[in-house]
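Biologist: I have a model open and want to learn how to read its features. Where do we start?

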Amino acid sequence: MAEETPAIATDVPPSGPGCAECTAAEGWWVHLRRCAACGHVGCCDSSPAQHASAHFRDSGHPIVQSYEPGEDWFWDYASEDYYAGPELAAPTSHPEDQAAPGPRGRVPVNWRDLVH
């Protein structure tokens, strides 16, 4: 049986400059990941809330791309391995002047003690 290719939408823009759920809850993140299927931007698994992997579990969308400036790698949550993905719609990262961790003003001083 042939392996199924995950859905990737190269024409769908990201949902915003930061983690959608953290932004709504006035939370914070370490790094950001962008869903290659629907554009959802969520926080990485080092972040306290781990919204990107929660999005995979809730939606079934397995492929994310780093949403950090200068990074273009993809990750497949289903296979737990890197993935060779296509170029996605711009922008391909959060704004370069946006802090990481971020957003600026909401990251606790002891953030290193709170990451996974």
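**Reading the model, feature by feature**

Modeller: Start with one residue and its contacts. Leaving aside neighbours within four places in sequence, Cys19 touches Trp29, Leu32, Val41, Gly42, Cys43 and His51. Keep in mind that this is a predicted model.

Biologist: Which residues make up the largest nonpolar core?

Modeller: A core is a set of buried nonpolar residues joined through their side chains. Here the largest one has seven residues: Cys19, Cys22, Trp29, Leu32, Val41, Cys43 and Tyr67.

Biologist: Now the sheet. How do strands hold on to each other?

Modeller: Strands of a sheet pair through backbone hydrogen bonds, in a parallel or an antiparallel way. In this model, five strands form an open sheet, ordered S2-S1-S3-S4-S5, with antiparallel pairing.

Biologist: Which are the edge strands?

Modeller: Strand S2 (41-43) and S5 are the edges, and each pairs on one side only. From one strand to the next, the twist averages 40°.

Biologist: How many bridges join S4 to S5?

Modeller: Three, and the two strands run antiparallel. For a place to look, find Asp76: Asp81 in S5 stands opposite.

Biologist: What does H2 touch on the sheet?

Modeller: H2 packs on the sheet through contacts with strand S1 (32-35) and S2. The direction of H2 makes about 120° with that of S2.

Biologist: Next, the rings. How many aromatic pairs does the structure hold?

Modeller: Three. To read a pair, check the ring centres, then the angle between the planes. Planes under 30 degrees apart count as stacked, and over 60 as edge-to-face. The centres of the Phe56 and Tyr77 rings are 5.4 Å apart and their planes are at 15°, so this pair is stacked.

Biologist: Where do Phe56 and Tyr77 lie?

Modeller: Phe56 is in helix H2 (residues 51-59), while Tyr77 is in the loop between strand S4 (74-76) and strand S5 (81-83). The pair therefore ties together parts that are 21 residues apart in sequence.

Biologist: Is Tyr77 buried or exposed?

Modeller: Buried, with a relative accessible area of 12%. Phe56 is partly exposed, at 21%. The cut-off for buried is under 20%.

Biologist: Why is the pair of Trp75 and Tyr82 edge-to-face?

Modeller: Because the planes of Trp75 and Tyr82 are at 85°. Their ring centres are 5.1 Å apart. Trp75 is partly exposed, with 24% relative accessibility, whereas Tyr82 is exposed, at 56%.

Biologist: Which residues do ring pairs link into a cluster?

Modeller: Trp73, Trp75 and Tyr82.

Terms used:
Residues numbered from 1 in each chain as written. Predicted model: local features only at pLDDT ≥ 70, side-chain atom pairs only at ≥ 80, totals over all residues. Heavy atoms only, no water. Phe/Tyr/Trp six-rings, centres within 6.5 Å; stacked < 30°, edge-to-face > 60°. Helix = DSSP H or I, 4+ residues; strand = E, 2+ residues; numbered from the N terminus. Buried < 20%, exposed > 50% of the residue type's maximum accessible area, 1.4 Å probe, protein only. Pairing = 2+ DSSP bridges. Axes fitted to C-alpha atoms, helices over the stretch in contact; angles between N-to-C directions. Contact = heavy atoms within 4.5 Å. Core = buried A, V, L, I, M, F, W, Y, C linked by side-chain atoms within 4.5 Å.
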